[in-house]
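Dear colleague,

I am handing over the structure below, followed by notes on what was found in it. Please read the notes with the model open beside them.

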Amino acid sequence: MENKYPVSRIGNSKSPRLVILLCNPGGDPNYYKRLPEYTMGRDGFYSSSGMDMHVYREYCAWWDNLLRKTDKYIADTEILALEYYPYHSRRTNDIKNWHWDKFAQRSLAENKKLLLRHIKNGVPVFGYYPGLWLNDPDVGAVLSTLPDTQFCKSRTGLGQALKLKDLENWLPKTGLDNK
């Protein structure tokens with residue numbers, strides 16, 4: 001099934017104060033009308049990259065839950081979320097079936113450049129789903145050498161509540177302050 005609503009990145013790609021690493025957008029592409037991007041498209045807010053995080057959270061409870069943890073430290077307009085793979089899948093295990101078309105390849109290359117640029121500028125990085133990023137030959141070695149004040153890898157295999165607890169415990173170490 002064609003994935004009608006790819007998402008390569010969400011938020012502020014020019015000057016973020018926090019980067020969040022993800023695997024790929026969740027959701028079953030066979031039921032695309034259930035995806036927040038479908039409704040966003042109908043309302044005129046969808047874009048395959050660079051959607052406004054503040055608007056996105058209004059359409060997606062998952063993002064709203066995550067951003068409630070960051071609100072104390074940083075405005076949602078200062079966050080950049082990068083997807084490793086831009087297409088929706090029901091499970092990360094579907095990775096072996098991922099189709100790396102030109103859009104997917106270009107999205108990943110652009111996201112790697114953005115990530116490396118922001119790391120160089122000292123932007124903290126939270127690896128919500130960091131596995132593919134850490135194993136990537138272009139960015140993995142860089143991420144693994146960052147101090148824990150600049151990079152936090154959430155624990156593998158945990159549900160959202162525990163990953164959000166990792167984020168909540170790490171944010172005070174970053175020096176971010178919502179002022």
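**Helix α3 and its surroundings**

The buried residues of helix α3 pack against β1 (9–11), β2 (18–22), α2, β4 (79–83) and α7 (160–174), where contact means heavy atoms within 4.5 Å, and where helices (H or I, at least four residues) and strands (E, at least two) are DSSP runs numbered from the N terminus. This is a predicted model, in which local features need pLDDT of at least 70 and side-chain atom pairs count only at pLDDT 80 or more, whereas totals for chains, interfaces and linings use all residues. Residues are numbered from 1 along each chain as its sequence is written, and side-chain values use heavy atoms, with hydrogens and water left out.

In α3, which spans residues 61–70, the buried residues are W63, D64, L66, L67 and T70; buried means under 20% relative accessible area, exposed over 50%, and partly exposed in between, with a 1.4 Å probe and protein chains only. Seen down the axis of α3, these buried residues fall within an arc of 165°, so they line one face of the helix, the arc being that of the directions from the helix axis to the C-beta atoms. On the other side of α3, A61 and R68 are exposed.

**Salt bridges**

Searching the whole structure gives 12 salt bridges, each defined as a side-chain nitrogen of Lys or Arg within 4 Å of a carboxyl oxygen of Asp or Glu. D64 is buried at a relative accessible area of 18%, while R68, at 54%, counts as exposed.

A second salt bridge joins D166 to R155, again with the closest N and O atoms 2.7 Å apart. Since D166 lies in helix α7 and R155 in the loop between β6 (151–153) and α7, the pair ties together parts that are 11 residues apart in sequence. D166 is buried, with a relative accessible area of 10%, and R155 is partly exposed at 44%.

Salt bridges that share partners also join R57, D64, R68, D71 and D76 into one network. Within that group, R57 is placed in helix α2 and is buried, with a relative accessible area of 13%. Leaving aside residues up to four places away in sequence, R57 touches W63, D64, L67, R68, D71 and D76.

A further salt bridge is formed by the side chains of D43 and R42, at 4.0 Å from N to O; here D43 is partly exposed at 40% relative accessibility and R42 is exposed at 58%.

**Aromatic rings**

The search of the whole structure finds 15 aromatic pairs. Rings of Phe, Tyr and Trp (its six-membered ring) count as a pair if their centres lie within 6.5 Å, and planes under 30 degrees apart are called stacked, over 60 edge-to-face and the rest tilted. F45 and Y59 form a tilted pair, 6.0 Å centre to centre and with 55° between the planes. This pair links distant parts of the chain, with F45 in the loop between α1 (36–42) and β3 (49–51) and Y59 in helix α2 (residues 53–59), 14 residues apart. Both are partly exposed, F45 with a relative accessible area of 42% and Y59 at 22%.

The rings of Y85 and Y87, by comparison, have centres 5.4 Å apart and planes at 70°, so that pair is edge-to-face. Y85 is buried at 3% relative accessible area, and Y87 is buried at 11%. There is also one aromatic cluster formed by W62, W63, F126, Y128, Y129 and W170.

Charges over rings were examined as well, the criterion being NZ of Lys or CZ of Arg within 6 Å of the ring centre and within 35 degrees of the ring normal. R34 lies over the face of Y31, at 4.3 Å from the ring centre, and K163 lies over the face of Y128, at 5.4 Å.

**Cysteines**

With a disulfide taken as a pair of cysteine sulfur atoms within 2.5 Å, the count comes to 0 disulfides. C23 is in no disulfide, and the nearest cysteine sulfur, that of C60, is 16 Å away. C23 is buried, with a relative accessible area of 6%, and C60 is buried at 13%.
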